[in-house]
Amino acid sequence: GDYGSLSGWLFYDFRGLDPISLRILRFPAGRMATRRWFYFIPSTGEPVKICHRIEADALDHLPGRRVLYSGWQELGHHLEAMLTGAPRIAMQYSPGNAIPYISRVDAGTLEMVAATGTKVATSADLVQTFEAVMTEWQVESHYAAARMLRETVDLTFGEVRRRILSGAATTEFAIQQ
């Protein structure tokens, strides 16, 4: 992806609407914030977390400076201050909802970010880099399945060859059996 032109990655969630953010940020299992929060990882500098005063500890498991808000106007003020100097950021957004899996940020939140003067780009490539990665066990399982499939193909075509060379009549069902 074109990561170099991004000023950072802005994560946002409200009541578990973005499971991608929760997984990537390793949100503690079984814990769900009931108020909106934002977590900004700038391309350079310290991360910033914006949390509601009622749930001030919502992002305590993450590094960075914490800013608290009470109402939506204060939230907007903090968001604007946080994104000052960040012309283009990534969020879980897909232009035209082309990739529904990645499109987790609602239109109103995108409007709130756009009101700060910051442009939002899709985080699809970033999500793929950080989340769509197989574990060692998954890679080994993949190779084991590939070996079994290859063996099945070889055995099947070997049997087809044997029957053709012997002149035996056969059917697809007979080969399958």
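These questions and answers walk through a few parts of a predicted model.

The model is predicted: local features need pLDDT of at least 70, side-chain atom pairs count only at pLDDT 80 or more, and totals for chains, interfaces and linings use all residues. Residues are numbered from 1 along each chain as its sequence is written, and side-chain values use heavy atoms, with hydrogens and water left out.

Visitor: Which residues of helix α3 are buried?
Guide: Helices are DSSP runs of H or I with at least four residues, strands are E runs of at least two, and both are numbered from the N terminus. Buried means under 20% relative accessible area, exposed over 50%, and partly exposed in between, with a 1.4 Å probe and protein chains only. Helix α3 covers residues 107-114, and its buried residues are T109, L110 and V113.

Visitor: Why do the buried residues of α3 line one face of the helix?
Guide: Take the directions from the helix axis to the C-beta atoms; the arc is theirs. Seen down the axis of α3, the buried residues line one face because they fall within an arc of 100°.

Visitor: Which exposed residues sit on the face of α3 turned away from its buried side?
Guide: The buried residues pack against β1, β2, α2, β5 and β6; contact here means heavy atoms within 4.5 Å. The face turned away from them carries the exposed residues A107 and E111.

Visitor: Which residue caps the N-terminal end of α3?
Guide: Look for a side-chain oxygen 3.1 Å from the backbone nitrogen of G108. That oxygen belongs to D106.

Visitor: Is L75 buried or exposed?
Guide: L75 lies in helix α2. Beyond four places in sequence, L75 touches R36, F38, I50, Y69 and M112. Its relative accessible area is 0%, so L75 is buried.

Visitor: Which backbone oxygen does the side chain of T118 reach?
Guide: T118 is in the loop between α3 and β6. At 4% relative accessibility, T118 counts as buried. The side chain of T118 lies 2.8 Å from the backbone oxygen of A86.

Methods:
Polar contact = N/O pair within 3.5 Å; in protein donor to acceptor, adjacent residues only side chain to side chain.
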